[in-house]
Amino acid sequence: MQPRNMSMSGVVDLAAVKAAQEAKAKAEQARAEAARQGGTGAVSPADLVIDVDEAGFERDVLQRSAEVPVVIDFWAEWCEPCKQLSPVLERLAVEYAGRFLLAKIDVDANQMLMQQFGVQGIPAVFAVVAGQALPLFQGVTPEQQIRETLDQLVQVAEQRFGLTGLTVDPDAEAGGAAETGVPVGPYEATLNAAAQALDAGDLGGAIQAYKNVLADDPAHPEAQLGLAQAELLQRVQDFDPQKVRREAAEKPADVDAQIAAADLDLVGGHVEDAFGRLIETVQRTAGDDRDTVRRRLLELFEVVGLDDPRVIGARRALARALF
């Protein structure tokens with residue numbers, strides 16, 4: 001049996017993760033403030049709108065697409081419709097505050113990229129998500145339609161691949177919470193109690209405390225992370241490790257057996273093994289079984305931390321397995 005006060009220290013530095021999640025919470029607060037102010041002033045366009053060429057495409061688009069959806073604007077200086085569409089996309093990139101990254105590609109200087117994407121005319125807008133390219137629209141498009149397309153893109157990227165977007169530097173907000181050091185949100189007491197319960201092995205108490213926060217703020221990043229960790233520990237606390245691993249070895253096509261073994265791998269600090277096991281199971285399954293495995297893998301990504309290099313690499317592998 002696994003002890004009830006199992007530590008996650010073999011998986012991730014909880015203090016570092018907590019600090020990262022607090023930074024993300026500050027970013028979420030900045031996004032909300034930006035929305036109240038009409039979407040301006042919260043972030044610098046230079047952070048969210050980039051010029052991309054053939055030499056930097058793999059680094060700036062393909063690699064970045066493992067952490068944030070990348071929207072590509074194919075344009076040219078002589079293109080009058082481009083001069084109407086591009087400012088709209090740039091403004092929306094700022095307003096969405098890190099939910100997507102806008103990459104601008106000058107077709108005159110990057111003919112190879114234009115051919116690779118099969119661009120027939122400009123302006124043309126594509127997206128790359130977890131290394132997968134898809135067309136969005138071509139020509140000048142009404143802003144409402146652009147917003148609907150971007151909303152769908154962001155939703156699919158988050159739900160299917162766990163891509164939550166870029167974290168905007170909270171220091172960009174003068175006088176903000178990061179500058180004063182004031183904790184974000186009204187939940188500090190509840191979160192502290194949850195963390196203490198987690199450390200003490202009171203998994204039920206920790207889970208309930210995190211759920212209390214999420215009932216009021218479903219997107220609270222620290223509560224989401226804490227709940228994912230506590231639920232993982234609760235799932236494995238009564239496992240017989242030898243039995244779990246034996247069943248996983250004997251039943252490679254058994255979804256439940258592979259998920260249980262992956263949970264055990266993660267708690268034991270074998271992050272790559274856990275991810276690899278589930279990605280292989282995704283490749284072997286279809287339909288509801290595949291979706292069950294995919295959702296558990298996304299949950300484990302949350303436990304480790306979405307910025308962890310192992311998670312970024314596993315996202316790419318998951319995208320290849322799904323497509």
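## Contacts of Gln-258

Leaving aside neighbours within four places in sequence, Gln-258 is in contact (heavy atoms within 4.5 Å) with Ala-248, Lys-251, Pro-252, Arg-277, Leu-278, Thr-281 and Arg-284. Gln-258 and Ala-248 lie 10 residues apart in sequence, with their C-alpha atoms 5.4 Å apart.

Gln-258 belongs to helix 12 (residues 255-267). Helices (H or I, at least four residues) and strands (E, at least two) are DSSP runs, numbered from the N terminus. Gln-258 is buried, at 2% relative accessible area. Buried means under 20% relative accessible area, exposed over 50%, and partly exposed in between (1.4 Å probe, protein chains only).

## Basis of the model

This is a predicted model: local features need pLDDT of at least 70, side-chain atom pairs count only at pLDDT 80 or more, and totals for chains, interfaces and linings use all residues. Residues are numbered from 1 along each chain as its sequence is written, and side-chain values use heavy atoms, leaving out hydrogens and water.

## Helix 6

Ile-146, Arg-147, Thr-149, Leu-150, Leu-153, Val-154, Ala-157 and Phe-161 are buried in helix 6. They sit on the same side of helix 6, because they cover an arc of only 165 degrees around the axis. The arc is that of the directions from the helix axis to the C-beta atoms. The face turned away from the buried side carries exposed Gln-152 and Gln-159.

Among the elements covering the buried residues of helix 6 are strand 2 (70-75), helix 4 (80-95) and helix 15 (309-322). Just after helix 6, Gly-162 takes a positive phi of about 70 degrees.
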